[in-house]
Amino acid sequence: MAIKLYALTCGWLTGPAQSFLEGESGRLRVPVPSFLIEHPRGTVLFDTGMHVQTQTDPEGRLGWLAKVFDVEFHAGEEIGARLQRIDIDPSRVDYLINSHLHFDHVGGNHAITNARLIVQRAEWQAGRDDDLVESNGYNRADYDLGHDVHQVDGEHDLFEDGTVVCIPTYGHTPGHQSLRVRLGRREIVLTADACYVRRTLEELHLPSVVHDRNAMLGSLERLRKLQAAGAEIVYGHDPEFWATVPQAPVAIGDDGDR
């Protein structure tokens with residue numbers, strides 16, 4: 001069985017452009033991605049988008065964040081429905097990898113009931129610390145749901161074969177991680193919020209709100225090195241780039257692509 005990687009769009013958000021690129025004016029409309037990986041030894045989901053309640057009651061779910069972001073999130077775009085549309089039972093997903101604990105990355109965790117949750121230890125601990133929960137805008141109801149949680153420290157090779165590897169990209173939050181996926185000769189890095197848009201990487205242009213600026217700059221330098229070595233970078237919320245990404249049920253690539 002070849003490893004397959006699928007991109008899923010789970011709604012859109014429009015927010016201040018400076019939230020993505022410091023100093024920019026106006027507002028920017030961005031996708032909310034999730035990714036499914038089919039591996040011979042298990043099914044993996046990287047991030048889960050927003051909670052289904054956000055479709056009908058964004059203020060009730062997001063609180064003050066609903067005043068910052070305009071939500072476009074319709075029935076059928078939640079992660080459970082997206083998976084079912086490609087014949088994946090959400091209850092049969094084996095591994096759930098969260099890049100970090102913000103609402104647009106863990107909101108659908110409740111639908112992935114039986115997966116083992118893989119998260120950086122620093123992120124999980126931050127998500128259970130009252131002060132860091134408040135300063136980072138977390139909502140425990142999104143992620144503290146009783147999953148079997150596996151906390152990792154730094155790089156983590158999920159299947160011990162180099163095909164699905166969590167890589168620490170701290171800075172956006174205390175324990176943010178990206179995901180490196182190997183599809184035959186292709187290496188693809190799903191950056192999540194370590195790298196919002198192409199300009200973040202090309203210009204080292206950070207967003208206005210960052211947990212640790214120096215750590216985020218260090219993570220961007222690591223992503224630059226991976227890119228220079230041939231890795232394909234998938235930016236976390238870049239609407240122009242996202243328009244070029246194949247959407248499920250079409251796979252991004254497989255062993256026979258190159």
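1. In this predicted model, Phe35 is buried, its relative accessible area being 5%, and Trp242, likewise at 5% relative accessibility, counts as buried too. The two rings form an edge-to-face aromatic pair, with 5.8 Å from centre to centre and 85° between the planes. Since Phe35 belongs to strand β2 and Trp242 to helix α9 (residues 239-242), the contact ties together parts of the chain that are 207 residues apart in sequence.

2. The structure holds 8 aromatic pairs, and another of them, between Phe69 and Phe103, is tilted, with centres 6.2 Å apart and an angle of 55° between the planes. Phe69 sits in the loop between α1 (58-62) and β4, while Phe103 is in helix α3 (residues 103-106), and the pair thus links distant parts of the chain, 34 residues apart. Phe69 counts as buried at 13% relative accessibility, and Phe103 is buried as well, with a relative accessible area of 9%.

3. Turning to charged side chains, the count comes to 15 salt bridges. One of them joins Glu72 to Arg29, the closest N and O atoms being 2.8 Å apart; because Glu72 lies in strand β4 (residues 70-72) and Arg29 in strand β2 (residues 27-39), this contact ties together parts that are 43 residues apart in sequence. Glu72 is partly exposed, with a relative accessible area of 29%, and Arg29 is partly exposed with a value of 37%. Arg29 has a further contact to note, as it lies over the face of Trp12, at 4.0 Å from the ring centre.

4. A salt bridge also forms between Glu155 and Arg222, where the closest N and O atoms are 2.8 Å apart. This pair links distant parts of the chain, Glu155 being in the loop between β7 (148-152) and β8 (156-157) and Arg222 in helix α8 (residues 213-228), 67 residues apart. Both ends are partly exposed, Glu155 at 46% relative accessibility and Arg222 with a relative accessible area of 29%.

5. Glu232 and Arg186 meet through their side chains in a salt bridge of 2.7 Å, N to O. With Glu232 in strand β12 (residues 232-234) and Arg186 in strand β11 (residues 186-190), the pair ties together parts that are 46 residues apart in sequence. Elsewhere, salt bridges that share partners join Glu24, Arg199 and Glu203 into one network.

6. How many disulfides are there? The count comes to 0, and the sulfur distances of two cysteines can be set beside the cut-off, which requires the sulfur atoms to be within 2.5 Å. For Cys10, the closest cysteine sulfur is that of Cys166, 19 Å away and therefore too far for a bond. Cys166 is itself in no disulfide, its nearest cysteine sulfur, in Cys195, being 18 Å away. Cys10 counts as buried at 0% relative accessibility, and Cys166 also counts as buried at 0%.

How values were computed. Residues are numbered from 1 along each chain as its sequence is written. This is a predicted model: local features need pLDDT of at least 70, side-chain atom pairs count only at pLDDT 80 or more; totals for chains, interfaces and linings use all residues. Side-chain values use heavy atoms; hydrogens and water are left out. A salt bridge is a side-chain nitrogen of Lys or Arg within 4 Å of a carboxyl oxygen of Asp or Glu. Helices (H or I, at least four residues) and strands (E, at least two) are DSSP runs, numbered from the N terminus. Buried means under 20% relative accessible area, exposed over 50%, partly exposed in between (1.4 Å probe, protein chains only). Rings of Phe, Tyr and Trp (its six-membered ring) pair if their centres lie within 6.5 Å; planes under 30 degrees apart count as stacked, over 60 as edge-to-face and the rest as tilted. A charge sits over a ring if NZ of Lys or CZ of Arg is within 6 Å of the ring centre and within 35 degrees of the ring normal.
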